[in-house]
Amino acid sequence: MCKKNISKFLLLFVFFTLSQIESFSQIWRKIELEFDYITALRALDSSPNTIILGLNAFPTDFSRQTISFNNFGQGLIISKDGGKIWSEAKLDGYTVLDIVQSPDNPDLLFSAVTQYNRGGILKSTDGGETWSDNVTCDAQYKIMNIAPMKAVNGEFYASAVEVRDLIFTNDYFNKCIGIKNLNVQSRTLAISKVNPDFIFFASDGLYESGVFYSTDGGKTWNKNEKGLENIRVHSILASSHHLGLLYAGCDSIDIFKRVHGKGIYRSEDTGRTWHPVIAEGTIVWDIAEHPRYPKFIAAACGKMGVLVSANLGAYWEQYRQGLPDDAEVNKILIPNLDTTSAGFTALAAVYGDGLFITDGLNTSIDNHRYSENIGFEINPVPFNNRLNIIIESHYDTFSNLRILNMLGQIVFQSANLYIKNGINFHNIESTGDLSPGAYVIILSSDKFIVHRVILKN
């Protein structure tokens, strides 16, 4: 064989080997468990290798408008080493729908449970090793999702079905209060990590649709469902990168009770308007963000498997290699672990087939790529009545330029702004009526999304 052919063969071999390594790093592999129906998937904030699974004894159809809960479940199990070794089942007999750790006491955990057509909260004061047998907030409704309101003082919100209230407690779930002016049944809520006074409470469409939001810690509530008309929201994520950025996993139900997947919707103005992003035709059950690197987002998309974004949800890629045929991915978790050159760790629950893990989830599209392909300069800084914008693009595209205040409200917008391949100059001269302070300017299109924090004198 001549040297030229040998060199070509070696290059092909190396390329094939590297591609196989990259492909293998993104294959889901099953964690062997004796439990198939996972209803909750959480990692502890204080110990990201501690994974907790809530378990159901039999399948439950969560796509139904009115869920028929089982009389009993299989409790929860805990792994303290990232999923290698698991505890014996705890809370056996209960179906566990969510688990949350108290922000001011890492040993204090709360589980939202159901049993025999009742719902409530069970507590652990030793990190999940033992649990009380006293169900607090015991009621006919079923709590689906819990979120801590403050870093201290025992304030939590919870979403629930079979009730028209948002559930609130200010004493660590010793008592629960129903906020009765919303008239909403909900499966999910989110509290912003950027500003915990911003709460997002999603309706599941039984009584109303859309997302309610509060900007004052729950004292008052507003709703603008533009883009989410007649849409049911299963999951909602408030970005820890920017206050105004939200994601929702959606579907809809027609008059014949048939379910139609609607995919992922995205809002960049604190939930006032929503736009479909991807996965039309698919129910999106759960959306998760990397706790330290919020550009990484993953979504549990039923039979589509897992969708992953590395640029704040602007672009997504599908990963289901290694998952069973017709797998229904219903939960997704990104633990608070470091990323590597191979990607980040993620766990996915397949309803009816247990738990899967990957240590190298990544995408071929990341935030840096789009930052490199679009230059975005603003002057003067700080600005007064005029903004000069220089955009260096590698594309011909139409874009949307917006300025948002710190409440996520759009205070200026230039839609369908044409960006040519090369250097572009754009001036904004209508900023004189803006109050002094910090703003975020966002330039987005189907090819890129970039943003900057700007200050006004």
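A disulfide is a pair of cysteine sulfur atoms within 2.5 Å. This structure holds one disulfide, and the model is predicted. The count of salt bridges comes to 14.

**The disulfide and other cysteines**

- The disulfide joins Cys137 to Cys176, with an S to S distance of 1.9 Å.
- That distance is within the 2.5 Å cut-off, so the pair counts as a disulfide.
- Cys137 lies in strand β8 (residues 136-139). Cys176 sits in the loop between β11 (166-169) and β12 (177-179). The two are 39 residues apart, and the pair links distant parts of the chain.
- The torsion about the S-S bond of Cys137 and Cys176 is about 85°, so the disulfide is right-handed.
- Are the two partners buried or exposed? Cys137 has 10% relative accessibility, so it counts as buried. Cys176 has a relative accessible area of 23%, so it is partly exposed.
- Cys250 has 0% relative accessibility and counts as buried. Cys301 also has 0% relative accessibility and counts as buried.

**Salt bridge Arg42 to Asp98**

- Arg42 and Asp98 form a salt bridge. Their closest N and O atoms are 2.7 Å apart.
- Arg42 is in strand β2 (residues 37-43). Asp98 is in strand β5 (residues 95-102). The pair links distant parts of the chain, 56 residues apart.
- Arg42 is partly exposed, at 32% relative accessibility.
- Why does Asp98 count as buried? Its relative accessible area is 2%, and buried means under 20%.

**Salt bridge Asp251 to Arg232**

- The side chains of Asp251 and Arg232 meet in a salt bridge of 2.8 Å, N to O.
- Asp251 lies in strand β18 (residues 246-253), and Arg232 lies in strand β17 (residues 232-238). The pair therefore ties together parts that are 19 residues apart in sequence.
- Both Asp251 and Arg232 are buried.

**Salt bridge Glu429 to Arg386**

- Glu429 and Arg386 meet through their side chains in a salt bridge of 2.3 Å, N to O.
- Where are the two residues? Glu429 is in the loop between β32 (422-428) and β33 (437-444). Arg386 is in the loop between β28 (374-379) and β29 (387-393).
- The pair therefore ties together parts that are 43 residues apart in sequence.
- Glu429 counts as exposed, at 57% relative accessibility. Arg386 counts as partly exposed, at 34%.

**A salt-bridge network**

- Which residues are linked in a network of salt bridges? They are Arg266, Glu268 and Arg402.

**A nonpolar surface patch**

- Phe58, Phe72 and Tyr116 form a nonpolar patch on the surface. Together they have about 330 Å² of accessible area.
- Phe58 has its place in the loop between β3 (51-56) and β4 (73-79).

**Asn400**

- Asn400 lies in strand β30 (residues 397-405).
- Asn400 is buried, with a relative accessible area of 18%. That value is under the 20% cut-off, so Asn400 counts as buried.
- The side chain of Asn400 makes a polar contact with the side chain of Gln413, at 3.2 Å.
- Which residues does Asn400 touch, leaving aside its neighbours within four places in sequence? Asn400 is in contact with Gln413, Ser414, Ala415, Ile442, Leu443 and Ser444.

**Ser252**

- Ser252 lies in strand β18.
- Ser252 is buried, with a relative accessible area of 11%.
- Ser252 and Gln65 are 187 residues apart in sequence. In space they are 9.7 Å apart, C-alpha to C-alpha.
- Leaving aside neighbours within four places in sequence, the contacts of Ser252 are Asn230, Ile231, Arg258, Val259, His260 and Lys262.

Key
Residues numbered from 1 in each chain as written. Predicted model: local features only at pLDDT ≥ 70, side-chain atom pairs only at ≥ 80, totals over all residues. Heavy atoms only, no water. Helix = DSSP H or I, 4+ residues; strand = E, 2+ residues; numbered from the N terminus. Buried < 20%, exposed > 50% of the residue type's maximum accessible area, 1.4 Å probe, protein only. Polar contact = N/O pair within 3.5 Å; in protein donor to acceptor, adjacent residues only side chain to side chain. Contact = heavy atoms within 4.5 Å. Patch = residues over 30% accessible without salt bridge, like charges linked within 9 Å, V, L, I, M, F, W, Y side chains within 5 Å. Areas by Shrake-Rupley, 256 points an atom, 1.4 Å probe, with all protein chains shown as cover. Salt bridge = Lys/Arg side-chain N within 4 Å of Asp/Glu carboxyl O.
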